Amino acid sequence: ERKSLRRNTRGLLFFTTFAPNNNTMKAVKSIGEKAKMFKYEDGNLYWVERPRSDFPTQRGYRVYNSRFLGKKAGTKRPDGYHSVGINNSLFLTHRIIWEMHNGPIPKGLEVDHIDTDRSNSRIENLRLATKRQNGHNTLRLSNLGSMRGVSFDKRRKKKPYSSKFTALDGTVIYLGTYATAEEAHEIWRKVAKDIGGEFVRL
């Protein structure tokens, strides 16, 4: 939510896009503290009431209540994810939501959007995944639209459709040529399922 810092006529720092910062709120030291700042509802976060003890000054307490209390937290980034600003730092909204419901994200794992929609952070649309699994859950299309892994070459008269699977490490597995696009896509689906499991987009 923080975009830039400016000074007003009194020389006080403020955010052009408002978010609680060090001037209004004490430092966040744990996931639990972060989760307490929000209410979750239908894939979104909303700022909740905070005790006076959470703020270094009375003015900061008043600023928070007047500007943020009850309002939706976070802004959409160019890459489709939503992030929220706390104490001059940005946090991904879907990660906060996961931690609110399930606790800390284990080291080496990421939070994957099951339907690939990065703006849909409903808890039922989130799951833990490795980087490799997360990468498989994409919607890359072939030159035949929704038939991933299939390409067409008119120079091959009898079997113009070829199939190949590209792993996340760049390894290309050639799966042969076929008379129909359906045959080529079916073999791709089998290999993709074996390698990517439930995370691969078929």
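Modeller: Buried means under 20% relative accessible area, exposed over 50%, and partly exposed in between (1.4 Å probe, protein chains only), while helices (H or I, at least four residues) and strands (E, at least two) are DSSP runs numbered from the N terminus. This is a predicted model, in which local features need pLDDT of at least 70, side-chain atom pairs count only at pLDDT 80 or more, and totals for chains, interfaces and linings use all residues. Residues are numbered from 1 along each chain as its sequence is written, and side-chain values use heavy atoms, with hydrogens and water left out.

Biologist: Which residues of helix 2 are buried?

Modeller: An α-helix has 3.6 residues a turn, so residues three or four places apart point the same way. In helix 2 (residues 58-67), the buried residues are Gly60, Tyr61, Val63 and Tyr64. They line one face of the helix, because seen down its axis they fall within an arc of 165 degrees, taken from the directions from the helix axis to the C-beta atoms. These buried residues pack against strand 4 (44-47).

Biologist: Which residues touch the most other members of the largest nonpolar core?

Modeller: A nonpolar core is a set of buried Ala, Val, Leu, Ile, Met, Phe, Trp, Tyr and Cys residues joined through side-chain atoms within 4.5 Å. Of the 17 residues in the largest one, they are Phe38, Leu45, Trp47, Ala73 and Val84. Strand 4, helix 2, strand 7 (82-86) and helix 3 (93-102) each give two or more residues to this core, and helix 3 gives the most, with three.

How values were computed
Contact means heavy atoms within 4.5 Å.
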